[in-house]
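User: Hi! Could you walk me through this one while I have it open?
Analyst: Happy to, let's have a look together.

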Amino acid sequence: MALQSLDIARRSATTTPAPGVRETAKVAKLIDVSTCIGCKACQVACMEWNDLRDEVGSCAGVYDNPVDLTAKSWTVMRYAEVEEKGRLEWLIRKDGCMHCADPGCLKACPAPGAIVQYANGIVDFHQENCIGCGYCVTGCPFNIPRLSKEDSKAYKCSLCSDRVAVGQAPACVKTCPTGAIQFGSKEQMKDVADKRIKDLKERGYAQAGLYDPPGVGGTHVMYVLHHADRPELYQGLPNDPSISPLVSLWKGFAKPLATLALAGVALGSLFHYVTKGPNEVSKELENELEKEDAK
Amino acid sequence: MIRNPKDLQRYTASERANHWVVGISFILLALSGLAFFHPAFFPLAQLFGGGVWARILHPFLGVLMAISFLAIFFRFKALNVMTPADKEWLNRVGEMVDGNDHNMPEQGKYNGGQKMMFWALAVCMLLLAVSGIVLWRAYFSFPVELVRFGAVIHAAAAAVMIALIMVHIYAAIWVKGTIRAMWYGTVTRAWAKQHHRAWYRQVTGK
């Protein structure tokens, strides 16, 4: 959202560097899935702080409500019932934007300044520049952005960039009653995660670990998972996500090359004309036909 | 130029109108599409009232072009069937490009190059229309893998089609006496005899 006072490090559809002399610490939100109780206070806080009131849905037979992210629900709790070693495990994951260091949405976006990455790592949508094409949805490896049916703009979690800009933690962090969501510098959050993972390992979760996928350059929203070897257990959290090669091809080197090729065709035509001259109807033929007419 | 009553009719008014509906929609599509193609072209969106309007209008223009292209496709399909003479012409296209067209094999209404253009444009058009629907999020929703694939196809087919149309326009500019066929429908007999001799003999009976 606008009204921010954070330095912008990267801007969609912009080929020149952003102002970058100031050094800003990278921030991160750490979601400890193992201490989450699924109370949805974070969902409420997100609605409250961001002035979002989604349609009241209906029960789909599970706790997930709303059942999916929408333009007005920027975070949802996803509940998975998994049987591990004969025991039921209720894995609850707060889903929302992961704030990738290498954001697929920003890479795909054709509108200058509609998606920005602040120097602190937060990826934010500036809806006033959004043209509503949905390319961000196409680019995202986590299926996060949603196009609003009302205004055709894309929305997602802003990591409360307006709060962070004034030294506050995101609303979900502020409200979490168990401390399962924490916020701080990325380094600090990694340290917190390390302690927690060590604890989990001692408690029998040998595969406990941090979800900070390197395929997208790491993320500024990280999870502590009891089963870090199988993130897909947590309602389809992608294992080793990265920007699709098709998106890289589409938005990478192919387009500058195609642009050069088109320029080549245009200039080639011009110089063909300049060097070879026009292909004119021969005077002989014209005269021949005129003679016939005169007969 | 005074129009000679002995000029040959190359296109009917309805064929010309059809061509220009395709042509105008193509130009508008290329300009609005390039705006999303690469940031260097984004300022082109201003021609349509900004990025949002370009995004809204582009697919509707696409529908217009697809339908009008389909009409032109069926009008000219039979005339663009490749013959052995066309292959011979294509093998010697280098001489033509070099500016020496005197020894080129005799051509009907369309030469091998024009026929290649026709079929290449038809393929691009088909790819653009199908992939365009996949990308049209305002009305359609497809699995993201398909949308990603569609985005690559759409951009690639569009780039090829823009290049083909550049060649198409340049050929019309280069071969003097050609563009009038698409403005008011006629060409001179000498033009026809030089560039499309078989067609000249067919329509004049000479």
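User: Let's begin with the contact. How many residues come from chain B and how many from chain A?
Analyst: Chain B puts in 37 residues and chain A puts in 40 residues. Bear in mind that this is a predicted model.

User: Which elements give two or more residues to the side of chain B that touches chain A?
Analyst: Those are α1 (13–37), α2 (51–76), α6 (144–174) and α8 (189–195) of chain B.

User: And which of them gives the most?
Analyst: That would be α6(B), with 14 residues on the side of chain B that touches chain A.

User: How do the residues on that side of chain B divide into nonpolar, polar and charged?
Analyst: On the side of chain B that touches chain A, 23 are nonpolar, eight are charged and six are polar.

User: Thanks! Switching to chain A: what is the strand order in the open sheet of four strands?
Analyst: The order is β9-β2-β11-β10 in chain A, and the pairing is mixed. At the edges sit β9 (181–185) and β10 (209–211) of chain A, each pairing on one side only. On average, neighbouring strands of this sheet are turned by 25° against each other, ignoring direction.

User: What packs on the sheet?
Analyst: Helix α6 (residues 186–202) of chain A does, touching β2 (27–32), β9, β10 and β11 of chain A. The direction of this helix makes about 135° with that of β9(A).

User: Back to β10(A): how many bridges join it to β11 of chain A, and do they run parallel or antiparallel?
Analyst: Three bridges join β10(A) to β11 (residues 221–225) of chain A, and the two run antiparallel. As one example, Tyr211(A) has Tyr223(A) in β11(A) as its bridge partner.

How values were computed
Residues numbered from 1 in each chain as written. Chains lettered and ligands numbered in written order. Predicted model: local features only at pLDDT ≥ 70, side-chain atom pairs only at ≥ 80, totals over all residues. Pairing = 2+ DSSP bridges. Axes fitted to C-alpha atoms, helices over the stretch in contact; angles between N-to-C directions. Contact = placed C-beta atoms within 7 Å. Nonpolar A, V, L, I, M, F, W, Y, C, P; charged D, E, K, R; others polar.
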